[in-house]
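Hi there,

Here is the structure I promised to pass on to you. Have a look at it first, and then read my notes below.

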Amino acid sequence: MGFLKKALFFGGIYGVGVYAGAVAWTIRKDVLRYESEPHLKPIVPEKRVVSIYNDIAEKYSKKITKEELFSGIYFLRFFHLRNAKGHVLEIGSGPGSNFSFYKWKQIHSLSLIEPSEEMHKLASTRAEKKVPESVHLKHFAEFEKLPKESSFDTIVQTFCLCSQENAVKSLNRAKQMLRPGGQILLIEHGQSKYGWLNKILNTYAESHYQNWGCVWNRDINELIGESDLELESCKRYNFGTTYVIKAH
Ligand SMILES: C[S@@+](CC[C@H](N)C(=O)[O-])C[C@H]1O[C@@H](n2cnc3c(N)ncnc32)[C@H](O)[C@@H]1O
């Protein structure tokens with residue numbers, strides 16, 4: 001290796017090292033700053049969340065496609081949501097992220113609850129390609145608009161507890177809408193099993209919420225425990241931050 005190549009090679013390693021060190025130092029300072037506030041929980045006013053999701057609908061829809069392949073969430077959706085059957089209610093359906101994962105032959109109807117108009121528009125466009133005509137598709141902007149007598153065989157909610165102002169109330173309403181013998185399928189994200197990772201989540205919770213309308217450090221087990229749901233199984237992935245839940 002000539003002198004110039006050696007200089008470029010070692011200079012490059014030095015530069016990357018300095019950059020990585022600076023990033024680590026910044027994160028360390030931030031994490032230490034919030035050490036005394038392990039449960040930073042930004043308030044989630046419903047109107048603010050809907051306005052954030054209206055603004056980011058397109059960006060969100062594009063972002064998750066790539067990220068979820070990388071994080072394995074794509075496969076969690078694939079294996080969990082194929083269990084949905086009968087009359088299905090999906091809460092916080094967003095841009096229709098789950099349409100590719102349902103086994104349509106076993107689904108009679110799909111009711112969506114989605115308060116963000118922009119998210120709903122994306123879901124409608126996606127539904128034209130993904131949802132077979134045999135499936136009766138309905139959209140509701142909020143729980144209150146559902147017919148009172150509704151009772152569903154399956155209720156699905158993915159990555160929604162993080163953005164609901166009153167997550168426990170929403171879980172309880174879901175339970176009331178479930179037919180006896182029905183199932184609630186959740187994929188959610190929240191606190192990790194690891195303290196060091198929770199410190200990082202706590203540190204950036206506020207800025208992540210402002211950008212994405214999502215509180216990523218919620219204690220999902222606590223929320224389920226406070227609700228009327230009866231837990232059948234809960235598997236955790238991605239350092240314990242992704243929760244795949246079956247309940248009724
Ligand atoms: C992170 S996105 C998840 C979208 C989709 N379920 C997915 O898996 O990609 C959260 C969605 O929940 C919706 N949402 C927020 N508050 C809600 C509420 N109280 N009830 C139902 N949906 C809500 C938002 O508008 C947004 O579309």
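The shell around the ligand is made up of eleven nonpolar, nine polar and two charged residues. Here Ala, Val, Leu, Ile, Met, Phe, Trp, Tyr, Cys and Pro count as nonpolar, Asp, Glu, Lys and Arg as charged, and the others, Gly among them, as polar. This is a predicted model, where local features need pLDDT of at least 70 and side-chain atom pairs count only at pLDDT 80 or more, while totals for chains, interfaces and linings use all residues. Residues are numbered from 1 along each chain as its sequence is written.

In total, 22 residues surround the ligand, and the closest are Gly-92, Gly-94, Ser-97, Ser-116 and Thr-158. Helices (H or I, at least four residues) and strands (E, at least two) are DSSP runs, numbered from the N terminus.

Now for the strands, which pair if DSSP finds at least two bridges between them. Strand E1 (residues 86-91) pairs with strand E2 (residues 107-113) in the parallel sense, over six bridges. One of the residues to look up is Gly-86, whose bridge partner in E2 is Ile-107. E1 also runs parallel to strand E4 (residues 152-158), and four bridges join them. In E4, Val-156 stands opposite Glu-90.

Enjoy exploring, and write back with any questions!

Best wishes

Key
Near = placed C-beta within 6 Å.
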